[in-house]
Amino acid sequence: MDTHAVDGRTARSLATRARIARAAAALFTARGYAATSVQAIAAEAGVGVQTVYYTFKTKAAVLGEAVDQAVAGDSAPVPTLERPWVRDALAAPDAAAQVRLQVAGTGAVMERVAGLLEAVRGGAADPDLAELWRTNVERRRTVQRVFADALADRGALRPGLDAAEAADLMVGLLSPELFTLYTVHLGRSAAWWREHTADALLRQVVGA
């Protein structure tokens with residue numbers, strides 16, 4: 001078998017998958033989940049409807065991939081905890097710097113994904129979307145637990161607060177729900193959200 005031909009087909013398949021996910025992300029964000037059809041996704045991506053089904057099987061799976069790519073900022077298979085912004089935050093010289101880099105990195109993610117997660121949450125009556133929402137929450141909790149453990153290792157957690165509680169506070173304060181509330185419904189900028197969320201984390205988690 002010609003390995004170059006196989007590699008070429010794989011690259012084209014991955015490119016098609018990424019293109020469909022990007023097209024779907026724009027539609028889901030603008031219209032919501034229920035109002036976005038597979039036909040509309042196919043048209044936006046410039047592919048056939050059967051290509052969407054062949055690649056993803058279900059509309060919910062397309063949304064899941066769109067969320068994953070928005071969180072990452074690209075289609076590379078690199079986990080969040082291995083992304084440069086996470087490594088930079090964990091390598092910060094002190095707790096305050098870690099928290100501010102953590103919030104900045106999370107804010108960049110939220111600017112890309114919060115609208116999509118609204119579509120997920122809004123369609124949570126669908127069992128597939130309910131599971132997608134639960135998975136997303138658990139992933140965010142896993143990431144924030146790493147940050148909380150790092151603060152604990154620095155001896156920087158507020159007295160009486162353990163790493164599990166700190167992680168849960170981070171999940172709440174850095175949630176897409178609060179990001180959307182402030183930046184969409186209350187008209188605050190992403191920069192305002194970063195500044196005030198970092199301050200809140202420093203008070204509630206670090207006790208600074």
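Author: Axes are lines fitted to C-alpha atoms, for helices over the stretch in contact, and angles run from 0 to 180 degrees between N-to-C directions. Helices (H or I, at least four residues) are DSSP runs numbered from the N terminus. This is a predicted model, in which local features need pLDDT of at least 70, side-chain atom pairs count only at pLDDT 80 or more, and totals for chains, interfaces and linings use all residues. Residues are numbered from 1 along each chain as its sequence is written, and side-chain values use heavy atoms, with hydrogens and water left out.

Reader: At what angle do H7 and H8 pack?

Author: The angle is about 130° between helix H7 (residues 127-153) and helix H8 (residues 163-173), and their axes are 8 Å apart. That makes H7 oblique to H8 (under 35 degrees is roughly parallel, over 145 roughly antiparallel, 65 to 115 roughly perpendicular, and the rest oblique).

Reader: Now Gln98: buried or exposed?

Author: Gln98 is buried, with a relative accessible area of 0% (buried means under 20%, exposed over 50%, partly exposed in between, with a 1.4 Å probe and protein chains only). Gln98 lies in helix H6 (residues 95-122).

Reader: What does Gln98 touch?

Author: Leaving aside residues up to four places away in sequence, Gln98 touches Ala89, Ala92, Phe147, Ala150, Leu151 and Arg154 (contact means heavy atoms within 4.5 Å).

Reader: And which residues does Leu116 touch?

Author: With the exclusion of residues up to four places away in sequence, Leu116 touches Ala25, Phe28, Thr29, Leu63, Ala66, Val67 and Ala70.

Conventions: Helices (H or I, at least four residues) and strands (E, at least two) are DSSP runs, numbered from the N terminus.
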